[in-house]
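Hello,

Here is the structure I promised to pass on to you. My notes on what turned up in it follow just below.

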Amino acid sequence: MSSEELPERLSHYTDLNGLFGIVEHKEFWLSNVSFLNDREELSHGLAAAKAIVVELQKRAPEKDMRREILNKLVRRMSGRSIPDTYVACFCEKPDLLSQWRGYGSVQGVSIHFNGAGLKDNFVRSGTELYQVVYGNVQTKKQVEDAIAASVPEIQHEIDWLLGNTDKEIEAEFFKLVSRLAPKFKHSGFEEECEWRLVLQEPDASEIQFRARGKVLLPYVKLPTVRQLPIEAITVGPGDEDGQVAASVQFFLAKRGYTEVSVRRSETPYRT
């Protein structure tokens, strides 16, 4: 993804503890989607990719070894095998009612990052910044286009399968569709205009755990050595949002972010 395609700003919705941790430690915590609601969203992307494999399967000649390989891929994807995937989410909209509703019991904030700066600061080797694609029909086309871009010959033939063992072919193809799966989300969430910072299959030594609700949530820390590209903060609606905004402004100034503006949400909603 080139920086020219990124929005000028991307916003990360969190609570005051999240804001404190990001600024104080100059890092994001990417959470494992298998233990979040996003698990179903990742399954949605895998289902879209499966539709492409089924289409390739139809194109393979009868009694051809490639058809059996694709059969194995379909069976594996039907089992909803989900790769070890960690994400942090961003939104093109800085003051969105549906996001504030998720912070009804705590004080929400929206951190507005410079898009290009976010990519430069946090996209390391193995981490990608994806724009989310919404909708079932569009998803199928986008998966097909993305696979075609990565493996051009796959659209018209699958001769590239030859020359490898069945397990190698299956592993490589599944790795490809697993990379694509986090890009897709149901059309019901389209207003979010979401982007995702995605890391898959990190080293075991990088995985940490924290208690969240009734689970031990795996997460990975993604640090930066530079000052964060924060351009503004929006304080979500609440009874004391004026005082919250003043405290956030004071905190940022004491951490070197003297040029960051802090404003209160204009959304007519109260927690």
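Of the 271 residues in the chain, 48% are buried (under 20% relative accessible area, with exposed being over 50% and partly exposed in between, using a 1.4 Å probe and protein chains only). Please keep in mind that this is a predicted model, where local features need pLDDT of at least 70 and side-chain atom pairs count only at pLDDT 80 or more, while totals for chains, interfaces and linings use all residues. Residues are numbered from 1 along each chain as its sequence is written, and side-chain values use heavy atoms, with hydrogens and water left out.

The chain has eight helices and 12 strands (DSSP runs numbered from the N terminus: H or I of at least four residues for helices, E of at least two for strands). Taking contacts (heavy atoms within 4.5 Å) between residues at least 6 apart in sequence, 83% join residues at least 24 apart.

Phe-28 and Phe-90 make an edge-to-face pair, at 5.4 Å centre to centre and 75 degrees between the planes. Phe-28 sits in strand β2 (residues 27-32) and Phe-90 in strand β3 (residues 85-91), so their pair ties together parts 62 residues apart in sequence. Phe-28 and Phe-113 have ring centres 5.5 Å apart and planes at 55 degrees, so this pair is tilted. It links strand β2, which holds Phe-28, to strand β4 (residues 108-114), which holds Phe-113, across 85 residues. Both Phe-28 and Phe-113 are buried, and ring pairs link Phe-28, Phe-90, Phe-113 and Phe-122 into a cluster.

Beyond neighbours within four places in sequence, the contacts of Phe-113 include Glu-8, Arg-9, His-12, Leu-118 and Pro-229.

Terms used: Rings of Phe, Tyr and Trp (its six-membered ring) pair if their centres lie within 6.5 Å; planes under 30 degrees apart count as stacked, over 60 as edge-to-face and the rest as tilted.
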